[in-house]
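Here is a friendly walk through one protein model, with the cut-offs spelled out along the way. Please keep the viewer open as you read.

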Amino acid sequence: MTELPPPSAKKLGLVIDLDTCVGCHACATNCKEWNAGGHLAPLPDFKPYSAGAEGVWFNRVHSYEAGEGEAGRTVHFPRSCLHCEQPACVTVCPTGASYKRAEDGIVLVNTETCIGCGLCAWACPYGAREMDEDEGVMKKCTLCIDRIYNETIPEPQRQPACVITCPAGARHFGDLGDPDSKVSRLVADRGGFGLMPELGYQPVNRYLPPRMRPAPNPNPPAEAEPTALDIKNPLLRWLDRALAR
């Protein structure tokens, strides 16, 4: 099976704010658009306009109800590869097609050597692997590696397509191995967490928890009665004074 490189100091990954994600699926759509012609293109669709549509999506958004009553809210949960420090998808690969880069921690698939056995998908507890039935190989999120290192693209735009397109600013990209980076400070300030840490895979990506709404006050203050000065119509002011006698 495939061996992992020594832990890298640089750990590129995503921080996703569950408090501000609105579930618009712009991240999934732009991811599909960029990768349809990039590093792992094409990304096929099967029956895209009918029930039971299938295809290859590196980013998917799920929605859940959290809390009860007026204190509840809908939480939108984007899901993609977490680029784990100890990725089971890599260690089970019989050909070495799944691998983790030593220089930045990104987990990738070499489609030239992938045999489509599906072992990596079975090993991934996060459901981040996508089988391309047309090519018979496994594909996954690459953090848009062909974009973030592309020096022909203006530097501010050298970010994953999902981050660039998010209209709510809920997605952030950077080096989570640097405690002074913007993403690391964001995680520290907001109590960011990794998914299922008890499994020991040490996902690099982090989620910022949603801020739950406070429970409504069961005894709201009574509204004050309007005074004569609050009534603008002269006739209504006279009628109010007359009835108040």
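The report below goes through a sheet, a hairpin, a helix and the cavities.

This is a predicted model, in which local features need pLDDT of at least 70 and side-chain atom pairs count only at pLDDT 80 or more, while totals for chains, interfaces and linings use all residues. Residues are numbered from 1 along each chain as its sequence is written, and side-chain values use heavy atoms, with hydrogens and water left out.

Let us begin with the sheet. Three strands form an open sheet in the order E10-E1-E11, with mixed pairing. Its edge strands, E10 (171–175) and E11 (206–208), each pair on one side only. From one strand to the next, the twist averages 25°. Helix H6 (residues 182–190) lies across E1, E10 and E11, at about 120° to E10. Helices (H or I, at least four residues) and strands (E, at least two) are DSSP runs, numbered from the N terminus. Angles run from 0 to 180 degrees between N-to-C directions, and axes are lines fitted to C-alpha atoms, for helices over the stretch in contact; contact means heavy atoms within 4.5 Å.

| Strands | Bridges | Residues standing opposite |
|---|---|---|
| E1 and E10 | five bridges | Leu12 and Asp175 |
| E4 and E5 | seven bridges | Val61 and Pro78 |

The hairpin of E4 and E5 has six residues between the strands, and Gly67 takes a positive phi near 85°. Strand E5 (residues 73–79) has six of its seven residues buried, so E5 is largely enclosed by the rest of the structure. Buried means under 20% relative accessible area, exposed over 50%, and partly exposed in between (1.4 Å probe, protein chains only).

Helix H1 (residues 26–35) also has buried residues: Ala26, Cys27, Ala28, Cys31, Lys32 and Asn35. Their cover includes strand E2 (45–46), strand E4 (60–66), helix H5 (161–165) and E10.

Finally, the cavities. On a 1 Å grid over the protein atoms alone, a cavity is a set of points where a 1.4 Å probe fits but cannot get out, and lining residues have an atom within 4 Å of a point. Of the 16 residues lining the largest cavity, Cys84, Pro87, Cys89, Cys124 and Tyr126 lie nearest its centre.

Conventions:
Two strands pair if DSSP finds at least two bridges between them. On a 1 Å grid over the protein atoms alone, a cavity is a set of points where a 1.4 Å probe fits but cannot get out, and a pocket is an open set with protein on both sides within 12 Å along at least five of seven lines; lining residues have an atom within 4 Å of a point.
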